[in-house]
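Q: Got a model to walk through. Can we start with terms, then go to the folds?

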Amino acid sequence: MIRYLPLIKFQLRPYQQTAVQRVLEWFCATSDPAVLCLPTGAGKSLVIAELARLARGRVLVLAHVSELVEQNHAKYETYWQAADIFSAGLGSKKAASQVVFGSVQSVVRNLEQFNDAAFTLLVIDECHRVSLGETTSYQQIIQHLLKLNPNLKILGLTATPFRLGQGFIYHRHLQQQAVRGDEDSFFKACIYELPLRWMVKNNFLVKPERLDMAILAYDFSSLVPTNMGYYPEAELDKVVKDNRVTPSIVADIQQRAAQRQGVMVFCASVRHAEEVAGLLPAEQTALITGKLPSQERQQIIQAFKAQKIKYLVNVSVLTTGFDAPHVDLIAILRPTESVSLYQQIVGRGLRLSPATDKTDCLILDYAGNPWDIWAPEVNTPRPNSNTELVQVLCPGCGFANSFWGVTTAEGELLEHFGRRCQGWLAEDDGEGADKKGEQCDFRFRFRVCDACGGEADIAARVCPHCDATLVDADKKLKEALQLKDAKVLRVSGMTLEVSLNGKGLERLKVTYYDEDASELSDWYALETPAQRKAFEWVFLREHLKAPASGWLPKSAEEAVAGADKLRYPDFVIARKINKKYWRIQQRLFDYQGSYRKAVAAG
């Protein structure tokens with residue numbers, strides 16, 4: 001019998017075809033979980049549908065909200081293929097077809113209906129919600145399917161590949177040949193990513209026009225996130241409750257929305273949303289909260305999509321799985337504790353809308369959110385408010401790293417907080433998408449192994465070179481304090497000066513001192529290339545605020561002139577030589593132990 005393939009209604013865009021191809025290449029080489037990063041509005045549902053159509057075994061597509069389950073299912077059925085929906089919220093719990101679209105909550109409660117080793121592909125939409133916790137719903141489903149089929153392919157899709165408190169959700173980035181997340185990340189690689197700027201430039205999304213309402217705004221600066229990183233709604237409500245600026249903000253939104261077609265307002269709390277909605281024209285406004293019954297919510301959403309109402313006010317409900325292309329104004333009246341949430345909110349207004357001739361989306365931020373729409377700051381925790389993301393070239397492999405740092409007004413790098421190069425060194429003979437390789441081993445900041453002299457991360461407990469246990473700083477301090485011929489200096493400052501030795505030769509004198517004016521000194525010769533190299537190896541590598549910046553003084557005078565480029569250690573340990581002179585043997589930087597550090601002088 002001849003089988004006729006169904007006619008495909010939708011033609012994939014070139015970048016969607018590329019995304020599909022990257023997935024096929026990756027899973028031909030490995031079963032490691034991978035991520036596709038596509039901006040909101042890029043058509044993830046079509047990519048999912050194409051992958052499900054091409055899959056040889058059974059496919060389970062998971063989403064965390066029924067709207068996404070329904071949206072992904074609808075796109076798949078445009079291929080005229082039969083598929084099941086397993087979602088209590090959508091009134092269907094069928095799992096017999098080759099392709100099943102399910103909600104996480106419904107599937108995890110009914111794992112016995114998924115006892116099928118024929119599942120070969122698991123697709124997770126909005127995969128930034130997947131954590132490493134073994135008891136989470138996602139992990140229960142994943143482990144259940146892996147027991148049935150150890151070769152299960154797991155693909156995540158998201159516009160925001162990062163989690164609050166974790167950073168990037170994947171280990172390395174294939175296109176950038178870079179390490180972005182922890183080695184134990186669940187997703188091993190981002191195999192394809194499209195930047196928002198590229199999507200806008202190529203007219204696949206409209207341009208976001210952001211206005212930071214610095215004068216007319218709420219002040220959330222005093223709020224402190226919980227241990228989980230979130231702002232409690234009760235604390236948010238304290239800021240906005242009966243706030244005199246609210247009527248002015250709502251009036252400003254109405255004025256700026258005069259020529260706009262669809263307005264979404266994101267509020268800080270339910271009470272705040274009710275107040276805002278009450279200040280907008282009643283006949284043009286609707287309010288959605290998490291407590292609203294599903295049927296009533298759907299009626300409001302359909303009315304908004306049909307443009308029967310203009311203002312849609314909500315509280316963290318419509319951040320994902322909501323598709324209303326005509327939206328051309330987003331008003332943010334709450335702080336977004338994560339860049340992921342911020343980008344999801346902004347993404348609601350960036351879809352193309354030929355029916356309304358939308359050319360841009362106005363983003364009004366009345367909460368002072370710090371996120372950059374084009375380049376979200378996803379990195380290690382920000383050391384302080386004066387830092388910004390800076391580019392630092394690795395002297396080992398030449399990779400352009402992105403670290404937190406401090407620059408002058410002219411852009412000169414003064415300091416950075418990078419530890420290890422993020423570059424990924426692929427093997428030359430590697431084949432396929434999953435080329436073997438390793439992370440560049442150059443370290444900007446490090447601790448030295450006493451056993452082999454190798455460099456390890458400043459937080460490491462075991463040497464990566466010889467597997468020796470690294471002696472922690474507290475143990476070193478305790479042992480030194482117990483020795484009669486040892487001296488421990490709790491450093492509060494450091495000075496550099498040009499000095500002459502006993503033979504009248506110029507030397508650089510470095511003096512460390514504590515709060516009680518006790519001091520210890522070192523001398524360095526900088527006359528020859530070999531002396532300068534030794535100075536770099538012994539002193540500069542640890543003391544530079546911006547390691548590998550290329551600064552290498554050729555004289556004591558030049559070193560003194562550049563003293564502001566240097567940092568001083570937290571502790572210095574010295575031993576007495578010949579019962580007369582103190583010789584510095586160890587300097588402890590980045591100390592996080594139980595001993596008190598010095599209070600900086602001045």
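A: Terms first. Contact means heavy atoms within 4.5 Å. Helices (H or I, at least four residues) and strands (E, at least two) are DSSP runs, numbered from the N terminus. Axes are lines fitted to C-alpha atoms, for helices over the stretch in contact, and angles run from 0 to 180 degrees between N-to-C directions.

Q: And where do the numbers come from?
A: This is a predicted model: local features need pLDDT of at least 70, side-chain atom pairs count only at pLDDT 80 or more, and totals for chains, interfaces and linings use all residues. Residues are numbered from 1 along each chain as its sequence is written, and side-chain values use heavy atoms, with hydrogens and water left out.

Q: Which strands does helix H10 lie across?
A: H10 covers residues 294-305 and lies across E14, E15, E16 and strand E17 (327-332). Its direction is at about 140° to E15.

Q: What is the strand order in the open sheet of six strands?
A: The order is E13-E18-E17-E14-E16-E15, with parallel pairing. Two strands pair if DSSP finds at least two bridges between them.

Q: Which are the edge strands there?
A: Strand E13 (207-212) and strand E15 (285-288), each pairing on one side only. From one strand to the next, the twist averages 20°.

Q: How many bridges join E14 to E16?
A: Four, between residues 262-266 of E14 and residues 311-314 of E16, and the two run parallel. Met 264 is opposite Leu 312 in E16.

Q: Which residue stands opposite His 416 in E21?
A: Gly 405. Three bridges join E20 (residues 400-407) to E21.

Q: Zooming out, how many helices and strands are in the protein?
A: There are 14 helices and 31 strands. The C-alpha atoms fill a box of roughly 95 × 65 × 45 Å along the principal axes.

Q: What percentage of the residues are buried?
A: Buried residues (under 20% relative accessible area, 1.4 Å probe, protein chains only) make up 50% of the 602.

Q: What about contacts between residues 24 or more positions apart?
A: They account for 62% of the contacts with a separation of 6 or more.
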